[in-house]
Amino acid sequence: MNVELNEQFQHADWSEEARQILRTCVHCGFCTAVCPTYQLLGNELDSPRGRIYLIHSMLEGNITTQETQYHLDRCLSCRACEASCPSGVRYGRLSDIARELIDQEIPRPRLQQLQRWALRQVMSYPKRFAALLALGRMARPFLPAKLKAKIPTTQKRLLAPRAPQARKVLMLEGCVQPSLAPNINIAAQQVLYKLGISVLKAPNTGCCGALSYHLAAHEEGLGHMRRLIDAWYPLLDQVETIIITASGCGSLLKEYGDLFKDDPYYAEKAMRISSLAKDISEVLAQEDLSQLQLKQAPKKQVAVHVPCSLQHAQRVVGVLESVVQRIGFDTTPAPDGHLCCGSAGVYSILQPEISQQLLNNKVQALESGKPEFIVTANIGCLMHLQSGSSLPVRHWVELVAENLV
Ligand code: SF4
Ligand code: SF4
């Protein structure tokens with residue numbers, strides 16, 4: 001399809017990339033069948049094809065209105081459309097480009113700007129987020145039930161193994177996960193230790209940059225990415241892989257190479273980090289799991305929620321379910337597994353109504369097979385699902401660590 005970018009966009013560093021992505025869309029509409037917002041709202045402009053049309057129109061220089069921003073804001077960035085597109089349209093990349101641009105074209109009301117700025121300034125920094133969570137926990141008894149359900153109680157910390165093993169990896173600490181669920185990374189370390197792998201600590205890590213980048217603050221997000229690359233790069237020769245226990249972060253780490261491809265200083269470093277990045281399910285899928293020596297407990301029935309960031313963005317399909325089964329759990333049916341749970345980074349805060357509807361549908365689907373637990377692979381999904389389900393919702397690796405002998 002012919003794409004003529006408006007004069008003002010022709011020299012932007014993303015112009016050729018955007019033009020190529022737009023050209024590949026043949027408007028067939030296959031993607032609409034898997035789009036959660038289209039399914040829920042039934043409006044073509046809330047479908048991937050409709051949003052591509054709006055972006056195309058904006059980049060060709062037609063008048064951009066708040067309507068374009070409104071429909072792009074309602075997109076979850078779940079990338080189910082991208083995974084189902086027969087033409088390989090990179091919708092996720094296109095929407096990242098468009099989101100930054102539209103915020104420049106249509107300035108948001110002050111309150112929205114402040115909300116987005118505050119989310120980035122608190123959630124991307126582990127110490128700031130920990131302080132806010134501590135305040136929330138103190139205020140918990142006085143909060144309304146709905147808000148209370150979103151504040152997790154303090155976990156009794158597991159002990160991380162200390163003795164070094166022959167094989168070494170790096171692990172992303174993350175920004176909100178260490179405060180919300182510190183045991184996830186410790187459980188991962190315990191499981192890896194049984195496989196003869198220990199985790200090297202790098203100083204000055206922190207956020208992977210996803211929150212800022214996906215909230216249209218690209219330079220800020222790239223700053224977080226550069227800091228992480230600088231922290232890890234000196235250790236890369238010592239490790240076999242970089243393990244991520246939050247698939248939302250993993251999906252961005254795998255794209256560092258792409259995002260820095262034109263940066264003379266960071267291109268090679270970023271590419272190397274992307275090539276080493278793996279979700280912990282991918283790592284365990286390659287290991288001899290009999291080394292884990294799990295307790296011979298009765299089989300637990302678990303429903304697996306595979307995050308969009310794992311199945312659609314990283315295209316890691318079927319691996320998580322297979323590892324959970326190989327470890328000895330029975331998985332229960334979870335219909336419509338391709339649909340987003342409504343967490344989607346900070347979407348549940350910015351678009352609470354759509355997010356809540358998606359959550360209700362997802363919890364109903366996951367509970368339909370009568371599981372004892374729900375397991376997932378991303379902290380955002382975990383917290384969101386827990387706020388809507390009476391069943392325990394865990395990161396699957398915590399369940400494995402609990403069953404180690
Ligand atoms: S994004 Fe892909 S599936 Fe959707 S309309 Fe375009 S070509 Fe068809
Ligand atoms: S990313 Fe998800 S919500 Fe957004 S258009 Fe694609 S399928 Fe729909």
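**Ligand surroundings**

Modeller: The shell around ligand 1 divides into nine nonpolar, three polar and no charged residues (Ala, Val, Leu, Ile, Met, Phe, Trp, Tyr, Cys and Pro count as nonpolar, Asp, Glu, Lys and Arg as charged, and the others, Gly among them, as polar). This is a predicted model, in which local features need pLDDT of at least 70 and side-chain atom pairs count only at pLDDT 80 or more, while totals for chains, interfaces and linings use all residues. Residues are numbered from 1 along each chain as its sequence is written, chains are lettered from A and ligands numbered from 1 in the order in which they are written, and side-chain values use heavy atoms, with hydrogens and water left out.

Around ligand 1 are Cys25, Val26, His27, Cys28, Gly29, Phe30, Cys31, Ile52, Cys85, Pro86, Ser87 and Val89 (near means that a heavy atom of the residue lies within 4 Å). Of these, Cys25 is buried at 8% relative accessible area, whereas Cys28 is partly exposed at 40% (buried is under 20%, exposed over 50%, partly exposed in between, with a 1.4 Å probe and protein chains only).

The shell around ligand 2 has eight nonpolar, two polar and two charged residues. Among them are Cys35, Cys75, Cys78, Cys81, Arg51 and Arg79. Helix H2 (36-41) and helix H3 (48-59) each supply at least two residues of this shell (helices are DSSP runs of H or I, at least four residues, numbered from the N terminus).

The structure holds zero disulfides (a disulfide is a pair of cysteine sulfur atoms within 2.5 Å).
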